[in-house]
Amino acid sequence: MEYLYETKAGSYEDYASGRVLYNAPGVTSFPVRLGSEIVQRCFGILEERGITGPYTLYDPCCGGAYLLTITGLLHGSRVRRIYASDIDPNTLSVAGKNLALLTKQGLSERELQLRELYENYGKPSHKEALESLARLESAVSGLTLDASVVFQDNITEPHHLDHVDQPIHLVLTDLPYGDLVSWESGDADPVSALFEHIYPLLSSEGAVVAMIADKSQKLGHARYKRLQHFKVGKRQVAIFEPIRETKA
C-alpha cells in the first residue's frame with residue numbers, strides 16, 4: 001500500500017502498548033503508523049463530503065481501546081466523542097483506563113502510578129514511560145473530546161446500543177481474527193451482522209466505516225459502498241460509506 005498521510009516512518013514509542021497506555025494479557029495493540037493513516041483517510045473522505053469535525057467515533061470491537069486511544073492522542077482536535085464496546089468485560093476494564101488517558105485527570109493518575117513504580121523499582125522502562133507521558137501531555141491539552149463512553153455489548157447480537165446517543169461519523173474497528181482474539185458469536189456471518197447493526201447509528205449527514213481484518217474474511221455488505229481497499233502484511237483494510245435509502 002501507499003501511505004498518503006503518514007508518508008514518513010517515524011518513532012511511535014511513546015504510544016507503545018504497556019508504556020503509558022495500559023495493556024493486559026489477551027489485549028491486542030495495533031501498528032500506530034497504520035492506524036493513523038487509516039483514520040486520516042477517513043477524515044479526508046468526510047471532509048470531501050463537506051462534513052467538518054470534530055467527529056464522533058465508535059469501535060464496536062474495541063478490546064482495550066488501543067486504536068481509539070492512539071487516535072485521540074494523535075488527532076484529538078478532530079474528535080468530539082468516543083464510544084467503545086466489546087463482548088469481553090475484562091478487556092473493557094483496560095479500555096476504560098486507556099480512554100481515561102485522553103483526559104488530564106487520567107493522565108495525572110497514570111503519572112502517579114508510573115512515578116511510584118519508578119521510585120519502588122527504579123527500572124529504566126518506568127523512567128522512559130514517564131518521559132513519554134510528559135511528551136503526551138501537550139496532545140491531551142489540545143483535545144476537543146467531550147466524553148468517552150465504554151459499554152459491554154455483542155455487536156452481532158446488540159442489546160445496549162442505546163448507549164450510543166449521538167450519530168456516528170466514523171466506525172473504526174479491528175475485527176477479531178484468531179491468535180489472541182476470535183469471534184464470540186452465534187451468528188453464522190458475524191461481519192455482516194456487524195454491518196447491519198451499526199447502520200442505524202451512522203450520521204445521516206455522512207459517515208464512513210473502516211474495517212481491518214485478516215485476508216480470509218470477506219468485507220462488504222449490500223447497504224454499503226466500498227470506497228477504498230488495501231492490504232498491509234497479514235491485514236486487509238476496507239473503508240465504506242452507507243448507501244442511504246431514497247424515499248419514493
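Helices and strands here are DSSP runs, numbered from the N terminus. The model is predicted.

**View 1. Arg-81 sits in strand S2.** The strand spans residues 79–86. Arg-81 counts as buried because its relative accessible area is 14%, below the 20% cut-off. Burial extends along the strand: 7 of the 8 residues of S2 are buried.

**View 2. Two aspartates meet the side chain of Arg-81.** The side chain of Asp-146 makes a polar contact of 3.1 Å with that of Arg-81. A second polar contact, of 3.4 Å, links the side chains of Arg-81 and Asp-165. Leaving aside residues up to four places away in sequence, Arg-81 touches Tyr-55, Thr-56, Leu-57, Leu-145, Asp-146, Ala-147, Asp-165 and Gln-166.

View 3. Strand S1 (residues 55–59) runs parallel to S2, and 5 bridges join them.

**View 4. A right-handed β-α-β unit includes S2.** The unit is made of S1, helix H2 (residues 66–75) and S2. H2 lies across S1, S2, S4 and S5. The helix runs at about 170° to S2.

**View 5. Seven strands form an open sheet.** The strand order is S3-S2-S1-S4-S5-S7-S6, with mixed pairing. S3 and strand S6 (224–232) are the edge strands, each pairing on one side only. On average, neighbouring strands are turned by 15° against each other, direction ignored. Helix H1 (residues 32–48) packs on this sheet. H1 touches S1, S2, strand S4 (170–174), S5, S6 and S7. The direction of H1 makes about 155° with that of S6.

**View 6. S5 and S7 form an antiparallel pair.** Strand S5 covers residues 208–214, and strand S7 covers residues 235–242. They are joined over 6 bridges. Strands of a sheet pair through backbone hydrogen bonds, in either a parallel or an antiparallel sense.

Key
Residues are numbered from 1 along each chain as its sequence is written. This is a predicted model: local features need pLDDT of at least 70, side-chain atom pairs count only at pLDDT 80 or more; totals for chains, interfaces and linings use all residues. Side-chain values use heavy atoms; hydrogens and water are left out. Helices (H or I, at least four residues) and strands (E, at least two) are DSSP runs, numbered from the N terminus. Buried means under 20% relative accessible area, exposed over 50%, partly exposed in between (1.4 Å probe, protein chains only). A polar contact is a pair of N or O atoms within 3.5 Å; within protein, one must be able to donate a hydrogen and the other to accept it, and residues adjacent in sequence count only if both atoms are side-chain atoms. Contact means heavy atoms within 4.5 Å. Two strands pair if DSSP finds at least two bridges between them. A crossover is right-handed if, with the strands pointing away from the viewer, the path from the first strand over the helix to the second runs clockwise. Axes are lines fitted to C-alpha atoms, for helices over the stretch in contact, and angles run from 0 to 180 degrees between N-to-C directions.
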